[in-house]
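I opened this entry to keep track of what I look up in the model. The sequence and structure come first, and my notes follow.

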Amino acid sequence: MPGDRSRLRNPGAAPVASFTLHGIPVSRGIAIGRAHKLAPAALDVQHYLVAEELLEAEVRRLQQALAQVHVELQTLWNELPKDAPTELGAFIDVHALILSDPMISEEPLDIIRTRHYNAEWALLTQIDELSAQFDEIEDPYLRERKADIQQVAERVLKVLLGTAQTLPAATGGEDDFQAQMIIVAHDISPADMLQFRDRSFIGFVTDVGGQNSHTAIVARSLDIPAAVGMAGASTLIEQDDWLIIDGDAGVVIANPSSLVLEQYRERQAVAARARKKLNKLKKTPAITKDGTEITLLANIELPDDCAAAMEAGANGVGLFRSEFLFMGRDSRIPSEDEQFEQYKRAVVAMKGRPVTIRTLDIGADKPLGQSEQTALNPALGLRAIRYCLAEPQIFLTQLRAILRASAFGKVRILIPMLAHAFEIDQSLAMVEQAKAALRERGEKFDEDVDVGAMIEIPAAALALPMFVKRMDFLSIGTNDLIQYTLAIDRVDYEVAHLYNPLHPAVLQLISMTIAAGHKAGIDVAVCGEMAGDIKLTRLLLGMGLREFSMHPAQLLSVKQEILNSDLARIMPQTRKIMRSMEPNVIADAVEQLQLM
Ligand code: PEP
Ligand code: MG
């Protein structure tokens, strides 16, 4: 029964059967908390948990909205023209009846009180349950009444949205109600993930998704344990079940025994101690044992992430995924001024360190709106620079905004998904066009702003002279480079086992890119997820990589690995790896690298 808190037992007491699910690990660490199931519709509205002392106020907010809709329906009825069809009056009557029924007027209030959901979320949760019940009704007339219930709910939601509160700040204490929640959903889009950023949900579990889907990337950037590709999780796990996420193994244990729980608490404590130790490295420069300095940059989704980047001691921002400013908005495209303010915030927050702003990389698993999802094969479709060149006004607006931010600190422009010379040339021409427009307006910007290319399509890695001749720097997007080299959708958990960064073809393309960049005298970074994986740090160092860009949360672990690395020993072993085409030989040799 929804909202029945009698299920809330102590973890370990486990009167309910324990079971384990296996999926794909996407964000490390261990989380222990209660399941918080998200119905698909609930993702369309804000959802947050309401503090105990504010529950009755939230209940009143919903009661007031219900009362207001009553008045609206009454007014509609009173104002019906005399010649209106009788069905119209009947419809209003049905809606008024639905509104007064306890299933709408009382159940959602219970959900607020027992589950601490905000009013909108409580209402939608109840509507989802009712809709599921209606779907099972055989009588087609009655089944159709589902639409009436949804229409009534929409009326109430509209009123609620007018009185919506801003989200409460997360408190995050150990015993805090909200701090123990683990989100369980069929799927969460990257845009939906944005709304979890300020709250202290402690983990995510989804039925679908891949290791390097953007949802997984955002989970990693939030630095909370997550596992995806957990087929069936959202049906097998019940609301309020106690869960352990083992984010390193991609395992979720539901209703664990006391013994299992104790073991995981112990592992959590060990991890916390290791993290404390790492924090001491914040101010230490990243220099290998034999004296080579490495640049460690941060990947960010929003300007607010700069705080975490500075906190981790990043040398700058290597990848600002600007598309997150465009996602989850009603009015869709942010204006030049709005974008400028956000870019400027990031630049100012980084206090003189370079900020690499990647131009809009929309499409595939980051659609701007629902319409883009209908593309035949989104990952191979009108994505990133292809979209920007097809929508020059959107691209020019963004370029002007980025250029204006360059008046406030070091900015670099990074263009995603380039494959063709004409795409590079058109992009550079548009940068010049944006500069000309700003000059005409008398706006300040950095005339010498660097423009670089993401190398994330195999064609680009195989045609590097075309790039180094035209571009100021390169940044290797290993997430897409792996996706396109191995022809596997990074979002599809059914092919996730084929997603292998150590495939010899992938290693060759990365190594070639680093070498070509250095030969041409331009900077090369890796900004895909490989850069933050400590198991690969030495391999990349051995290939000659000197710039790593990753989530701030991974930066200190990578730094520690660098501090313990000796290039003189790593380089010969890496050359051996690069000569091999045998997966087992490569995997073993990469393991050996860790021990050197
Ligand atoms: C990449 O493809 O590796 C990358 C960094 O870009 P994104 O993950 O945003 O596609
Ligand atoms: Mg990419």
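**Metal site.** I began with the magnesium ion (ligand 2), which is coordinated by Glu456 (OE) and Asp480 (OD) at 2.0 to 2.1 Å. Donors here are N, O and S atoms within 2.8 Å of the metal (3.2 Å for Na, K and Ca), and water is not among the atoms, so sites may look incomplete. Glu456 lies in the loop between strand 13 (450-455) and helix 16 (458-461), and Asp480 lies in helix 18 (residues 478-486), so the pair ties together parts 24 residues apart in sequence. Helices (H or I, at least four residues) and strands (E, at least two) are DSSP runs, numbered from the N terminus. I noted that Glu456 and Asp480 are both buried, where buried means under 20% relative accessible area, exposed over 50%, and partly exposed in between (1.4 Å probe, protein chains only).

**Basis.** The model is predicted: local features need pLDDT of at least 70 and side-chain atom pairs count only at pLDDT 80 or more, while totals for chains, interfaces and linings use all residues. Residues are numbered from 1 along each chain as its sequence is written, chains are lettered from A and ligands numbered from 1 in the order in which they are written, and side-chain values use heavy atoms, with hydrogens and water left out.

**Strand 5.** I then checked strand 5 (residues 203-206), which is covered on both faces: Gly203 and Val205 on one side and Phe204 and Thr206 on the other are all buried. Strand 4 (residues 181-185) runs parallel to strand 5 and is joined to it by four bridges; two strands pair if DSSP finds at least two bridges between them. Ile182 stands opposite Gly203. Strand 6 (residues 226-228) is also parallel to strand 5, with two bridges, and Val205 stands opposite Ala227.

**Helix 8.** Which hand does the β-α-β unit of strand 5, helix 8 (residues 214-222) and strand 6 have? I found it right-handed: with the strands pointing away from the viewer, the path from the first strand over the helix to the second runs clockwise. Seven of the nine residues of helix 8 are buried, so it is largely enclosed by the rest of the structure. Its buried residues, among them His214 and Arg220, pack against elements including strand 2 (24-27), helix 7 (190-194) and helix 18, with contact meaning heavy atoms within 4.5 Å. Asp223 follows helix 8 and has a positive phi, near 60°.

**Cysteines.** I counted zero disulfides, taking a disulfide as a pair of cysteine sulfur atoms within 2.5 Å. For Cys306, the nearest cysteine sulfur is that of Cys527, 16 Å away.
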